[in-house]
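Welcome! Here is a short briefing to read with the structure open beside you. Take the points one at a time and look for each residue as you go.

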Amino acid sequence: MKRLLAIGECMIELAPDAAGKFDMGFAGDTFNTAWYARRLAGDQISVGYLSAVGDDEPSHRMTAFMEDAGIKPHLAKRVGRSVGLYMISLKNGERSFSYWRDSSAARTLADDLTVLPDLQAGDVAYFSGITLAVLPAAGRRTLLDVLSKARGDGIQIAFDPNLRPRLWSDSQTMCDWIMQAASVSDIALPSFEDEQTFFGDTNPAKTADRYSAAGVTTVIVKDGPRDVLIRYAGREELVPNDPARTVIDTTAAGDSFNAGYLVAKLQEHPDASAVAEGCAVARKVIAARGALVEV
Ligand code: ADP
C-alpha cells in the first residue's frame, strides 16, 4: 500500500451559517489536502496527518474528526496546550478571517520529531510554507532535516510554498525559509500570483526556474484560472485549465488541487494527467462554499 503523510496545523473552524450562527468544523491548508486525498484515493493509498494537539476536549474532537474521515492521526500530545482556532466573518458578502493560533500545540510538532512515521520509499510526505511559518526556527530546522533524511531514503517530498507573509516576522525571512524548504523537496506546487508578489518572478517559467535551481525535480506552477505549467525531467508543458464559469469560494482551491495531483502521482499517472486531476478537483471545490466540500 502507498502512503501520503501530510504535515502541518489543523485548526477549529467557526463559520457563520445563513442565520449568522456559527458551525464548528476543522480545517487548515495541509489538513485540507489530506482530507481531499482521502476522498480521492482508493483502498490502495493510506493518508496520514502529522501534527501536535493538546489534551483537552477540542483536541480529542479534532483527533476523532480525522479518524472518522479515514485519516490516520500521528499527533504528539502536549499536556496543557490546545489546538488553534479561526473564525470566518461575513460583511456585505466579503469573508474575513480571525485567527487564535499563537500558542497552538501544532507549533511544537517538530519538537521531538526524528523520523516520518509509516513511510517507505515511493511514499509521499507533504508540507507547506504555512507548516514552516507556525514553527519556531529550531522546529523548522528539525523538520527540514527529517524531510531531507526521508528524501535520502527514497520518500518523495512535496511542498506547497503557500506564501502567507502575516505568519512570518518579515518577507525576507519567509522567502529564505521557503527556498530552504525547496532544497529538500522533490515536488514543488507554487501558485504564480504569490510567487510573483514576493519573489518578483515575471512569468510562471521564472518561478519554475527558481525551484528547479533549488533542486526540485518536478515543479507545478498553478495560476488561478489559467493553464498550469509543469517542469520535469528538463521538459516543460502547459496543462490546459479553463476558467470556471461560476466561482463561489476559492478557499482550498490550491489545497484540493494538490490532493488531486498527489493522489494521481501515487497511482502512477503521468504528470500531465495528474495535473489535470488536480484542476478537476479544484474546479469542484471553488463551485461550493467552505474549505471541505464533497468532491
Ligand atoms: P491558491 O488557491 O493556492 O492561491 P490558485 O489560485 O493558483 O491557488 O488556484 C489553484 C488551482 O485552482 C488552479 O491551478 C486551478 O486548477 C484552480 N482554480 C483556481 N481558480 C480557478 C478559476 N477561476 N477557474 C478554474 N480553475 C481555478
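In this predicted model, Arg101 sits in the loop between β7 (94-100) and β8 (124-128). Is Arg101 buried or exposed? Its relative accessible area is 7%, which is under the 20% cut-off, so Arg101 counts as buried.

- Once neighbours within four places in sequence are set aside, Arg101 is in contact with Glu9, Met11, Gly84, Arg107, Ile130, Val134 and Leu167.
- The loop between β7 and β8 also holds Asp118.
- Asp118 is not a glycine, yet its phi is positive, at about 70°.
- Asp118 has a relative accessibility of 35%, so it counts as partly exposed.

**Other positive phi angles**

- Ala233 is found in the loop between β12 (228-232) and β13 (235-239).
- Although Ala233 is not a glycine, it has a positive phi of about 45°.
- Ala233 counts as exposed, because its relative accessibility of 70% is over the 50% cut-off.
- Glu268 follows α8 and has a positive phi, near 65°.

- Helix α1 (residues 29-40) is made of 12 residues.
- From the first C-alpha of α1 to its last is 17 Å, close to the 16 Å expected at 1.5 Å a residue.
- How many residues of α1 are buried? The count is 10 of its 12 residues, and α1 is mostly covered.
- Look for these buried residues of α1: Asp29, Thr30, Phe31, Asn32, Thr33, Ala34, Trp35, Tyr36, Ala37 and Arg38.
- Helix α8 (residues 253-266) has 14 residues, which should span 20 Å at 1.5 Å a residue; the end C-alpha atoms of α8 are 20 Å apart, in agreement with that.
- In α8, 13 of the 14 residues are buried, so the rest of the structure largely encloses this helix.

**Helices α4 and α5**

- The axes of helix α4 (residues 137-152) and helix α5 (residues 171-182) come within 10 Å and cross at roughly 15°.
- The crossing of α4 and α5 is right-handed.
- On the α4 side, the contact is made by Ala137, Arg140, Arg141 and Leu144, and on the α5 side by Trp177, Gln180 and Ala181.
- Sorted by class, the contact of α4 with α5 has 4 nonpolar, 1 polar and 2 charged residues.

**Helices α6 and α7**

- Helix α6 (residues 192-199) and helix α7 (residues 204-213) have axes 10 Å apart and pack at an angle of about 75°.
- That angle makes α6 roughly perpendicular to α7, because 65 to 115 degrees is the range for that description.
- Phe192, Glu195 and Phe199 of α6 make the contact with Pro204, Thr207, Arg210 and Tyr211 of α7.
- The contact of α6 with α7 divides into 4 nonpolar, 1 polar and 2 charged residues.

**A closer look at Glu195**

- Glu195 has its place in helix α6, and it is buried, with a relative accessible area of 1%.
- Not counting residues up to four places away in sequence, Glu195 touches Pro161, Leu163, Pro190, Gly200, Asp201, Thr207, Arg210 and Tyr211.
- Glu195 and Val221 are 26 residues apart in sequence, and their C-alpha atoms are 9.5 Å apart in space.

How values were computed. Residues numbered from 1 in each chain as written. Predicted model: local features only at pLDDT ≥ 70, side-chain atom pairs only at ≥ 80, totals over all residues. Heavy atoms only, no water. Helix = DSSP H or I, 4+ residues; strand = E, 2+ residues; numbered from the N terminus. Expected span 1.5 Å × (residues − 1). Buried < 20%, exposed > 50% of the residue type's maximum accessible area, 1.4 Å probe, protein only. Axes fitted to C-alpha atoms, helices over the stretch in contact; angles between N-to-C directions. Left-handed = near helix turned anticlockwise from the far one by under 90°. Contact = heavy atoms within 4.5 Å. Nonpolar A, V, L, I, M, F, W, Y, C, P; charged D, E, K, R; others polar. Parallel < 35°, antiparallel > 145°, perpendicular 65-115°, else oblique.
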